[in-house]
Amino acid sequence: MTRRQIEDHMQELGDLYAETSGGGPWAWNQARSAFLRRLAADARRPGFELLIAETTTLTGCAYGFPVGGDGPWWEGFDGYLPGRLLRLAASGRLFVISGIHVPSRVSRQNQDRAWNLARRLQKRLLTDHGAAVAITLVKRSDHRTAEALRSWGWRYIEGDTPRAAPLGPIRVLVLDT
C-alpha cells in the first residue's frame with residue numbers, strides 16, 4: 001500500500017489490530033491508539049511497505065522497512081546483535097518486520113504450513129525487498145507473540161536462549177529467507 005492508501009485505511013488497520021491483539025474491549029482503545037501512532041511513524045521510514053490480506057474485510061497485515069548499518073533504529077543494541085546482522089544491514093539485505101497481525105486462529109492453527117497467512121505475508125515482504133534476513137523485536141514478557149513467531153519460522157538471535165537470554169526488556173528474533 002502507498003502512504004496515502006495507509007492513511008485512508010488507518011481506522012480499518014486499527015480495528016484489525018484491536019481484534020487480533022488479544023485482551024478485552026477495555027484495553028482496545030489505548031492499544032489501538034498506540035498501534036496507530038507506531039504505524040504512522042513507521043510509514044514515514046524509507047522503503048516502508050505494508051501488505052494486507054482481505055476477503056470482504058481486512059483479515060491480516062504485515063509491515064516493515066529495510067534498515068542500514070547505522071542510524072537511530074540501532075540505538076541501544078550496541079554489543080547485543082551479532083556482527084552478521086550488522087553486515088547484512090550495511091549491505092541493504094536486512095529488513096525489519098514491525099508487525100504481523102492476523103486472527104488468533106492463524107496464530108494457533110497450521111502454523112508450520114507454507115499457506116499459513118502469516119507465513120505468506122512475511123515471505124512476500126522479504127521477497128519484495130530482496131532481504132536475506134528479517135529481524136523483529138518482541139517484548140520479553142510477550143510470550144504469546146514470541147511463540148507464534150517461532151512457529152512461523154523465526155528464531156532467537158545467537159546466544160538468546162531461554163536459559164542464556166541477554167538482559168533487557170526486548171528479545172530479538174530473526175527469520176532467514
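Student: How do strand 1 and strand 2 pair, parallel or antiparallel?
Tutor: Antiparallel, over six bridges. Strand 1 covers residues 49-54, and strand 2 covers residues 58-67. Keep in mind that this is a predicted model.

Student: What joins strand 1 to strand 2?
Tutor: A hairpin does, through three residues.

Student: And which residue of strand 2 stands opposite Glu-54?
Tutor: Leu-58.

Student: OK, zooming out. How many helices and strands does the chain have?
Tutor: Seven helices and six strands.

Student: In what order do they run?
Tutor: From the N terminus, it goes α-α-α-β-β-α-β-α-α-β-α-β-β.

Student: What share of the contacts is between residues 24 or more positions apart?
Tutor: Taking contacts with a separation of 6 or more, 63% are of that kind.

Student: New topic: the inside. How much of the chain is buried?
Tutor: The chain has 177 residues, and 42% of them count as buried.

Student: How many residues are in the largest nonpolar core?
Tutor: It has 23 residues. Among those with the most contacts inside it are Ile-97, Ile-100, Trp-152 and Trp-154.

Student: Which elements give two or more residues to this core?
Tutor: Four strands are on that list: strand 1, strand 3 (94-101), strand 4 (133-139) and strand 6 (170-176). Helix 6 (117-129) and helix 7 (143-151) are there too.

Student: Which one gives the most?
Tutor: Helix 6, with five residues.

Student: Why would nonpolar side chains end up together?
Tutor: In soluble globular proteins, they tend to be buried together.

Student: Back to Ile-100. What is it in contact with, leaving aside neighbours within four places in sequence?
Tutor: Cys-61, Ala-62, Ala-118, Gln-122, Leu-149, Trp-152 and Trp-154. Leu-149, Trp-152 and Trp-154 also belong to the core residues with the most contacts.

Student: Which residues lie nearest its centre?
Tutor: Arg-119, Gln-122, Lys-123, Leu-175 and Asp-176. The lining has 12 residues.

Student: Which elements give two or more residues to that lining?
Tutor: Helix 6 and strand 6. Helix 6 has the largest share, six residues.

Technical notes
Residues numbered from 1 in each chain as written. Predicted model: local features only at pLDDT ≥ 70, side-chain atom pairs only at ≥ 80, totals over all residues. Heavy atoms only, no water. Pairing = 2+ DSSP bridges. Core = buried A, V, L, I, M, F, W, Y, C linked by side-chain atoms within 4.5 Å. Buried < 20%, exposed > 50% of the residue type's maximum accessible area, 1.4 Å probe, protein only. Contact = heavy atoms within 4.5 Å. 1 Å grid on protein atoms, 1.4 Å probe; cavity = no way out; pocket = protein on both sides within 12 Å on 5 of 7 lines; lining within 4 Å.
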